[in-house]
Amino acid sequence: MKGEAVASSSLLAQLRELGNGQLWVIRLQGNFGDRLLWLGLENLLRHSGLPFKVTAHDQIDRIRPKPEDTVYIHGGGDWVPFWHGAPARVLQTLVALHRGPIVIGPSSFTTRPEHLDRTLVAPLRRAVGHVTVFCRERPSYEAVAETVGDLARVALDHDTALNLTRQDLLDLGEPVGRTGRYPLYGLRSDVERRPTGPCRTLRMPVDPTKYCTSFEDWVRLHAGAESIVTNRLHSAVCGAILGLPTTLLPNSYHKSRGVWEHSLRQRGVQWAETLAPDWLGQVEERMGISRYWRQSRKLQRLVAPLRFGPRRS
């Protein structure tokens with residue numbers, strides 16, 4: 001990648017400090033936003049010149065790190081009860097096979113002590129080497145620091161996707177035709193969804209992660225917009241990197257607001273608790289039109305390309 005952005009400076013300093021042996025990076029699966037996180041981490045590591053080896057999360061039992069090696073668990077949002085819990089399972093496996101340092105990349109964590117005790121504190125008690133836990137927003141940082149105590153070093157740093165530049169993104173998904181063609185309303189439709197207020201169907205709101213057919217298509221959808229209104233964190237991160245007018249709405253817990261306060265506000269992203277009042281959207285909501293649009297992937301994929309351009313796999 002061409003980008004030279006370094007947002008995660010504390011993370012980079014920690015990895016350099018521990019750089020006596022091999023750096024093993026454990027990659028987690030996820031959606032297009034998680035892919036953006038991963039590419040930002042790659043950009044950071046390549047910028048640093050640190051050599052590293054990548055291992056998929058479901059293959060960590062095949063690696064044999066030496067005590068002087070550092071194992072890095074890629075960051076994200078899976079440390080909450082309603083997602084898959086892959087990083088917690090990775091940590092449980094690592095503390096059994098690795099006697100050296102472990103670093104958990106900038107992540108969002110639940111603030112529920114009982115869940116943190118089970119997924120984070122319990123494996124930390126079995127760790128032999130030093131563990132550093134990075135959080136990407138302050139609510140997670142405060143909850144984790146209070147819960148783990150002296151079992152790990154807890155630090156705060158930026159979401160790793162912010163180590164990408166505008167040119168990095170354009171290289172990945174150059175928009176079809178001219179840019180600035182449409183306002184993008186990227187509204188999530190999964191368990192992290194929080195009511196945003198009515199949004200008229202003429203605005204063609206879509207969940208970018210479910211609407212797009214590939215990561216390149218996802219980048220292209222954002223790069224072609226004139227503005228972005230979204231409750232998907234990495235749609236807002238994408239807008240910030242691209243320099244687009246972007247407004248972030250809440251998700252179902254503290255993640256989006258926390259990352260906005262720590263990282264995105266200073267990059268010009270606006271915050272709103274709900275969408276602006278929309279009388280036509282309210283009428284459509286009462287008539288069930290908005291709900292039908294949200295639930296019909298087939299209708300979205302037939303009609304939305306008229307605004308966004310053809311999708312590409």
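**Cysteines and disulfides**

Author: The count comes to 0 disulfides, a disulfide being a pair of cysteine sulfur atoms within 2.5 Å. Cys212 is in no disulfide, and the nearest cysteine sulfur, that of Cys238, is 10 Å away. Before we go on: this is a predicted model, where local features need pLDDT of at least 70, side-chain atom pairs count only at pLDDT 80 or more, and totals for chains, interfaces and linings use all residues. Residues are numbered from 1 along each chain as its sequence is written, and side-chain values use heavy atoms, with hydrogens and water left out.

Reader: What makes Cys212 count as buried?

Author: Buried means under 20% relative accessible area, exposed means over 50%, and partly exposed lies in between (1.4 Å probe, protein chains only). Cys212 has 6% relative accessibility, so it is buried. Cys238, at 0%, is buried too.

Reader: How do you know whether Thr165 is buried, partly exposed or exposed?

Author: Its relative accessible area is 21%, so Thr165 is partly exposed. Thr165 sits in the loop between β6 and α6 (166-172).

Reader: What is the phi of Met204?

Author: It is near 50°, a positive value in a residue other than glycine. Most residues other than glycine have a negative phi. Met204 lies in the loop between β7 and α7 (208-211). At 14% relative accessibility, Met204 counts as buried.

**The sheet of 4 strands**

Reader: What order do the strands of the open sheet of 4 take?

Author: The order is β7-β8-β9-β10, with parallel pairing. β7 (182-186) and β10 (270-271) are at the edges: each has a single partner strand, so one side of each has no neighbour in the sheet. Strands are DSSP runs of E, at least two residues, and helices are runs of H or I, at least four, numbered from the N terminus.

Reader: How do you know that β7 pairs with β8?

Author: Two strands pair if DSSP finds at least two bridges between them. β7 and β8 (residues 225-230) share 5 bridges and run parallel. In one of them, Pro183 has Ser227 in β8 as its bridge partner. Tyr185 stands opposite Val229 in β8. β8 also pairs with β9 (residues 246-248), in the parallel sense, over 3 bridges. There, Ile228 has Thr246 as its bridge partner.

Reader: Why is β8 called mostly covered?

Author: Of its 6 residues, 5 are buried.

Reader: What makes the unit of β8, α9 and β9 right-handed?

Author: Point the strands away from you: a crossover is right-handed if the path from the first strand over the helix to the second runs clockwise. β8, α9 (residues 233-242) and β9 make a β-α-β unit of that hand.

Reader: Why is α10 called largely enclosed?

Author: 7 of the 10 residues of α10 (residues 255-264) are buried, so the rest of the structure largely encloses it. Trp260 is one of the buried residues. They pack against α5, α9, β9 and β10.

Reader: Which strands are at the edges of the 6-strand sheet?

Author: This open sheet has the order β2-β1-β3-β4-β5-β6, with parallel pairing. Its edge strands are β2 (52-56) and β6 (153-156), each pairing on one side only.

Terms used. Contact means heavy atoms within 4.5 Å.
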